[in-house]
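Open the model in your viewer and switch to a cartoon view. The tour moves from one selection to the next.

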Amino acid sequence: MAPGVRLVQKVSSTRAFAKVAPHVVPVMDRAVHRLTRGKVLLSARMLPGLILTVPGARSGQLRTTPLACMPEKGTEQSWILVGSNFGRSGHPAWTANLMAGPDRAVVNWQGRDVPVHATLLEGEEREEVWRAALKFWPPYATYQARVEREIRLFRLRGRDGARS
């Protein structure tokens with residue numbers, strides 16, 4: 001692992017990062033993603049990232065959120081999303097939106113829109129994926145230790161025949 005990645009992991013585990021990052025990282029990601037027509041996502045320079053678009057659970061209005069993701073090996077259209085909310089106390093809004101409309105989400109992955117089905121992971125399946133997520137990005141352990149809620153994990157899979 002590159003020294004820069006370790007430094008980012010250490011910084012991203014701090015409470016100061018948890019306070020600032022939610023207000024800065026998504027704004028920068030959205031702007032660069034829009035300016036590059038979906039080809040660049042700044043945060044993806046450290047972790048793989050995608051843009052999630054899903055209707056709001058209450059409003060029904062489309063909500064677009066840049067997110068780190070864990071692509072699942074051996075598949076072209078399957079990703080794990082971790083609802084860490086940078087280690088803040090509440091669940092991120094996008095998790096409620098996915099739960100309300102698991103078949104209404106679209107991800108932009110490497111410049112392509114892919115309609116997906118979202119599954120909230122539970123039980124043994126969640127535990128297995130959580131272990132993999134901790135290997136993938138160790139700061140998730142710090143985030144979980146900081147909050148009382150169980151961090152939500154989702155598997156997003158491309159819906160059959162749905163590629164653009």
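**Start at R155**

Select R155: its relative accessibility is 9%, so this residue counts as buried, the cut-off being under 20%. Keep in mind that this is a predicted model.

Now show the side chain of E72. E72 and R155 meet in a salt bridge, 2.7 Å from N to O. The pair links distant parts of the chain: E72 sits in the loop between strand 3 and strand 4, R155 in strand 7, and 83 residues separate them. E72 is buried too, at 18% relative accessible area.

E125 is partly exposed, at 38%. Select the trio: E72, E125 and R155 form a network of salt bridges.

Next, pick R126 and E127. Their closest N and O atoms are 3.5 Å apart, in another of the structure's four salt bridges. Buried or partly exposed? R126 is buried at 4% relative accessibility; E127 is partly exposed at 34%.

Seven of them form an open antiparallel sheet, ordered 2-1-5-6-7-4-3. Strands 2 (62–68) and 3 (70–71) are at the edges with a single partner each, so one side of each lacks a neighbour in the sheet.

Zoom to strands 1 (49–55) and 5 (105–109), joined by three bridges. T53 stands opposite V106 there.

Finish on helix 3 (93–100). Helix 3 lies across strands 1, 2, 4, 5, 6 and 7, at about 55° to strand 7.

Conventions:
Residues are numbered from 1 along each chain as its sequence is written. This is a predicted model: local features need pLDDT of at least 70, side-chain atom pairs count only at pLDDT 80 or more; totals for chains, interfaces and linings use all residues. Side-chain values use heavy atoms; hydrogens and water are left out. Two strands pair if DSSP finds at least two bridges between them. Helices (H or I, at least four residues) and strands (E, at least two) are DSSP runs, numbered from the N terminus. Contact means heavy atoms within 4.5 Å. Axes are lines fitted to C-alpha atoms, for helices over the stretch in contact, and angles run from 0 to 180 degrees between N-to-C directions. Buried means under 20% relative accessible area, exposed over 50%, partly exposed in between (1.4 Å probe, protein chains only).
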